[in-house]
Amino acid sequence: MDRIDLGECNDPGAISALIDPAGLKLVDIGCGPAAISRELVKLGASVIGVEPDPIQAAKNREAEPVDGLVLLEGGGESLPLDAGSVDGVLFFRSLHHVPIGQMDTALAEATRVVKTQSGFICVVEPGMTGTHFAVMRPFHDETLVRTEAQAALARFAGRFSEEGRYHYAMYPRYPSFEAMVARVTGQTFNAITRDMVETEEVRTLFENGRSDQGDYVFDQPMLLNFYRARR
């Protein structure tokens with residue numbers, strides 16, 4: 001099945017191209033600081049953000065409350081939700097962070113909590129092409145886990161009568177090399193240290209992204225799988 005091109009968009013824009021979030025109850029698995037969750041709330045959804053990293057989850061608990069947004073600590077492998085209780089489950093670049101042996105379990109949990117006929121599951125995974133992947137790969141090679149995530153999705157597809165496959169483009173932008181180092185070393189769910197990033201190889205790859213404006217821009221293809229209606 002060929003993927004349908006959604007063009008250049010951000011994550012909320014991609015999901016909004018497929019469904020209207022207004023009035024829906026959604027679960028954002030691996031929500032991180034819940035930036036996408038908050039954007040979906042602005043679009044009229046009520047969102048439960050679930051974050052497994054205890055450091056980030058603690059920050060989420062301390063954040064300013066937002067009407068329509070509930071933030072919980074936990075993993076996609078065991079959701080504290082009733083069966084058939086939500087309209088949609090979203091994985092935005094989070095399935096490949098689930099332990100390989102638990103990816104199928106996390107997808108099964110998503111299936112359990114969505115409404116039987118009308119519920120949907122949306123999984124967005126970064127592709128393994130593009131200049132952003134090339135810059136990240138020397139110090140944070142996710143080839144294995146991203147490959148395993150795609151294999152889990154291939155096994156999962158047979159549970160649903162409707163499967164849509166899409167792709168869209170994102171263009172990560174950094175004002176400087178130091179800004180990129182600060183971002184990747186500041187992620188509490190990854191054990192990336194400064195000395196891993198500050199190498200000649202990474203600096204050369206990063207410099208290739210210099211734009212005419214003097215900042216640094218890279219392309220990152222995103223792969224979106226959308227499932228609805230259980231068999």
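Ala, Val, Leu, Ile, Met, Phe, Trp, Tyr, Cys and Pro count here as nonpolar, Asp, Glu, Lys and Arg as charged, and the others, Gly among them, as polar. By that scheme, the lining of the largest pocket has 22 nonpolar, 16 polar and 11 charged residues. Please keep in mind that this is a predicted model, in which local features need pLDDT of at least 70 and side-chain atom pairs count only at pLDDT 80 or more, while totals for chains, interfaces and linings use all residues. Residues are numbered from 1 along each chain as its sequence is written, and side-chain values use heavy atoms, with hydrogens and water left out.

**Overall fold**

- The chain has nine helices and 10 strands; these are DSSP runs numbered from the N terminus, with helices being H or I of at least four residues and strands E of at least two.
- Along its principal axes, the C-alpha trace spans about 50 × 45 × 35 Å.
- Buried residues make up 45% of the 231 in the chain (buried is under 20% relative accessible area, exposed over 50%, partly exposed in between, with a 1.4 Å probe and protein chains only).
- Among contacts between residues at least 6 apart in sequence, 73% join residues at least 24 apart (contact means heavy atoms within 4.5 Å).

**The largest pocket**

- The largest pocket has a volume of about 1,300 Å³.
- Of its 49 lining residues, Phe-92, Arg-93, His-97, Gln-187 and Phe-189 are the closest to the centre.
- On a 1 Å grid over the protein atoms alone, a cavity is a set of points where a 1.4 Å probe fits but cannot get out, and a pocket is an open set with protein on both sides within 12 Å along at least five of seven lines; lining residues have an atom within 4 Å of a point.
- Grid points are joined across faces, edges and corners, and a volume is the space filled by probe spheres set on the points.
- Elements that each supply at least two lining residues include helix 1 (11-16), helix 7 (177-185) and strand 10 (220-230).

**Nonpolar cores**

- In the largest nonpolar core, Val-89, Phe-91, Leu-95 and Ile-121 touch the most other members of the 26 (a core is a set of buried Ala, Val, Leu, Ile, Met, Phe, Trp, Tyr and Cys residues joined through side-chain atoms within 4.5 Å).
- Helix 4 gives the largest share of this core, five residues.
- A second, separate core of 22 residues includes Leu-69, Phe-92, Tyr-166 and Leu-224.
- Leu-95, in the loop between strand 5 and helix 4, counts as buried at 0% relative accessibility.
- Beyond its neighbours within four places in sequence, Leu-95 is in contact with Met-103, Leu-107, Val-123, Glu-125, Ala-149 and Leu-153.

**Loop residues to look at**

- Arg-93 has a positive phi of about 55° although it is not a glycine, and at 28% relative accessibility Arg-93 counts as partly exposed.
- Ala-34, in the loop between strand 2 and helix 2, also is not a glycine and has a positive phi of about 70°; at 0% relative accessibility, Ala-34 counts as buried.
- Gly-30 is placed in the loop between strand 2 and helix 2 and is partly exposed at 25% relative accessibility.
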